[in-house]
Amino acid sequence: MTEARAAGRGGAAAPSRLAGWFQALDGRALTVGSLALLLVTAFGSLFIGVSSVTPLDVLRLDNSDHQMRVFVESRVPRLAAILLAGSAMSVAGLIMQTLVRNRFVAPSTAGTVSSASLGLVAATIWFGSASIFLKMSIAVVFAMAGTLLFLVLVQRMRHPDIIVVPLVGIMFGGVMQAITTFFAFKYDLLQSLNAWTNGDFSGTLRGRYELLYLVGGLTVVTYLFANRFTLVGMGREFAVNLGVHYERVLYGGLCLVSFVSAVVVVVVGAIPYLGLIVPNLVTMAMGDNLRRVLPATAIGGAFFVLACDIISRTIRYPYEVPVGSVVGVGGGFVFIILVLRARSLGR
Amino acid sequence: MAAEPLASSPRAAALVLGFHPGRARTVLATLLVLFALAVTLFMTYDLKGSLDYALELRGRKVAGMALVGFAVAYSSVLFHTATHNRILTPSLMGFDSLYVLIQTLAAYFLGTAEFLQIDVRLRYGLEVLAMIGFAMLLYRWLLGRGDRDVYVLVLVGIIMGTVFSNLTELVMRMIDPNEFTQLQDRLFANFSTVNQDLLVVSAITVGLVTIASWPMLSRLDVVALGREHATNLGVDHDQLVRRALFVVAILVSVSTALVGPVAFLGLLVANLSYQLTGTFRHRYTVPAAGLLGMLALVGGQFVLQEFLEFQTRLSIIISFAGGIYFIYLLYREARR
């Protein structure tokens, strides 16, 4: 696997001490271990919150009980939403960095997320309080269009460089956001916009998060297509030679990424840098074989969001802090380290 | 890619050789006239009711916007020279978000009530000091090693800005919600509500800083040629760069305290001034950029409130135009 890894990243992945440690471990053992850690943390997170709920309350299985209702209506949906959104966004980021062949390209650095929120504002202006499905569909279309526009921008660059491409993406996202704010301001939607741009799980209740299961299903679908994404990531000629329908897989993959991003923005709001740092950290440790790192990325993403959400629930107890801000601080620092590291290793 | 793709040095040298002072002077005169026109229009258009009151109110607004426009433009030009490129600006490096963070942290650790009781001037002075300290640290960490690529700096700077604003958001949530609203009214201004308490202090600060740093400008022309040329010509490059960044930290604090972060304004006006004046001589580019900044804010706000009835905010338009211009710059520079 080591050869493939060095080749896939343009030789940028010189073995670091950290990667060395992880490679000493079997990839499968690592995945199983992190899954166990995730499950324990997930179980624990069910009992963190303002109303005190203990495992014993749940075991009584009394549906009229207040504790039981808090558990079923709020705690379990919240956990499900965290796991689904965290894993789906991380996998989406992994697919995107493979397809675009730049590991700093993710939904939040390619204008996908900001285009989705522009779509939401547009849907709200055009259709008012339309059904969530309609809004979501429009957001998906916008996210797709924005991502394609970004791709066109990248293809027209003479030297699509690992640093300049995400820079263009972030700026493109900024322009999209300016347009979104313009319309949100004009039609008095700034408050709704704020909910979409800052991820928060505190409003996740039963009946308000189920769209995320769609996204969870799509994550499973990506696993089935993983090898094709890998081939497309190796370049057009290579993929076509091996009998892969290049355009179909490329655009299909980007469609998938846009769909996942749009749904997550609709249900929980944007979670900055999630799709960027988790895949980077996982591939640093486990190499670039998409099919092999995909489950670990999903687990890692879910764990990262869960950990950040636990922080956001406890740091200002009994109040809550939006999880987007916690991720923004932690993820931002990791991103900075990744950028500086990429540069010091040379291109 | 070349080692310094955005370096101004070769181009600066070329432009200095073929430089026409007449053109730069014409540009400056035109901008001055336009700015005077914008101020007059802003002050007198559709004047109703009590004349004294209206004039005073508008005068304060104009003064605030002019101060911010000048501070942002001047700090951006200085920053461009100090970092030897034309796309990094203090606000892209997250300096203004850093100021907001310092302010919020001070309120959190001192307690909101105590924080607001401190004399405005003292508070301001302390915040500016903290800002200078942190900005210098940030600068040494990021730019201290000369081999860093400009694009890496910009990317890191942008991420840093989002980290600072997310941290601000977190600290704000840690403050009691009731106290927080009180704080928000006092601390977070925008173009429509320029922070009035600080107007006089800010004007004095900007004035003093500008007078003190003006003699430095001609030596900065030499700094713009690059470290080696500058040293050969007998200019202490590193010391001048440090001084320029010191001035930048003060100016960013002033403008952020008055109206909050203004992304991209500096980038736009600084680059426009290089293009219009056709030179890299600071004696021309600084006044031109300053006038452009003031003109953009006063003129823009005037158009916005008189003809568009506040349908949008100036900051939205600036970040739209600035983002597109930035992408254009990336394309143009990366093509070489």
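These legends describe close-up views of a predicted model.

**View 1. Confidence along chain A.** Chain A has a mean pLDDT of 83. A pLDDT of 70 or more is reached by 90% of the residues of this chain. Residues 1-14 of chain A stay under 50 in pLDDT. For this stretch the model has 21 contacts beyond four places in sequence.

**View 2. Chain B as a whole.** Chain B contains 15 helices and zero strands. It has 336 residues, and 57% of them count as buried. Among contacts in chain B with a separation of 6 or more, 79% come from residues 24 or more positions apart. The accessible surface of chain B is about 14500 Å². Carbon and sulfur atoms account for 64% of that surface.

**View 3. The largest nonpolar core.** This core has 219 residues. The residues with the most contacts inside the core are A:Phe201, A:Val339, B:Ile87, B:Phe95 and B:Phe326. Helix H5 of chain A, residues 66-100, gives the most to the core, with 18 residues.

**View 4. Surroundings of A:Val339.** A:Val339 is one of the residues with the most contacts inside the largest nonpolar core. Leaving out residues up to four places away in sequence, A:Val339 touches A:Phe104 and A:Ile163 in chain A. In chain B, A:Val339 touches B:Val152, B:Leu155, B:Val156 and B:Ile159.

**View 5. Helix H15 of chain A.** H15 of chain A runs over residues 323-344 and has 22 residues. From its first C-alpha to its last, this helix reaches 31 Å, close to the 32 Å expected at 1.5 Å a residue. The helix is mostly covered, with 16 of its 22 residues buried.

**View 6. The salt bridge between A:Asp309 and A:Arg78.** The closest N and O atoms of this pair are 2.9 Å apart. Over all chains, the count of salt bridges comes to seven.

**View 7. The salt bridge between A:Arg236 and A:Glu247.** The side chains of A:Arg236 and A:Glu247 meet at 2.4 Å, N to O. A:Arg236 is in helix H11 of chain A (residues 236-241) and A:Glu247 is in helix H12 of chain A (residues 246-267), so the pair ties together parts 11 residues apart in sequence. A:Arg236 is partly exposed, at a relative accessible area of 44%. A:Glu247 is partly exposed as well, at 31%.

**View 8. The salt bridge between B:Arg227 and B:Asp238.** In this pair the closest N and O atoms are 2.7 Å apart. B:Arg227 lies in helix H11 of chain B (residues 227-232), and B:Asp238 lies in helix H12 of chain B (residues 237-259), 11 residues apart. B:Arg227 counts as partly exposed at 46% relative accessibility. B:Asp238 is partly exposed, with a relative accessible area of 33%.

View 9. Most residues other than glycine have a negative phi. A:Arg101 has a positive phi, near 60°. This residue sits in the loop between H5 and helix H6 (112-127) of chain A. A:Arg101 counts as exposed because its relative accessibility is 55%, over the 50% cut-off. B:His84 also has a positive phi, near 55°. Its place is the loop between helix H3 (51-83) and helix H4 (95-110) of chain B. B:His84 counts as buried, at 12% relative accessibility.

**View 10. Surroundings of B:Gly266.** B:Gly266 lies in helix H13 of chain B, residues 265-277. With a relative accessible area of 3%, B:Gly266 is buried. It touches B:Val72, B:Ser76 and B:Thr89, not counting residues up to four places away in sequence. B:Gly266 and B:Leu245 are 21 residues apart in sequence, and their C-alpha atoms are 15 Å apart in space.

Definitions and conventions
Residues numbered from 1 in each chain as written. Chains lettered and ligands numbered in written order. Predicted model: local features only at pLDDT ≥ 70, side-chain atom pairs only at ≥ 80, totals over all residues. Heavy atoms only, no water. Helix = DSSP H or I, 4+ residues; strand = E, 2+ residues; numbered from the N terminus. Expected span 1.5 Å × (residues − 1). Buried < 20%, exposed > 50% of the residue type's maximum accessible area, 1.4 Å probe, protein only. Contact = heavy atoms within 4.5 Å. Core = buried A, V, L, I, M, F, W, Y, C linked by side-chain atoms within 4.5 Å. pLDDT = per-residue confidence, 0-100. Areas by Shrake-Rupley, 256 points an atom, 1.4 Å probe, with all protein chains shown as cover. Salt bridge = Lys/Arg side-chain N within 4 Å of Asp/Glu carboxyl O.
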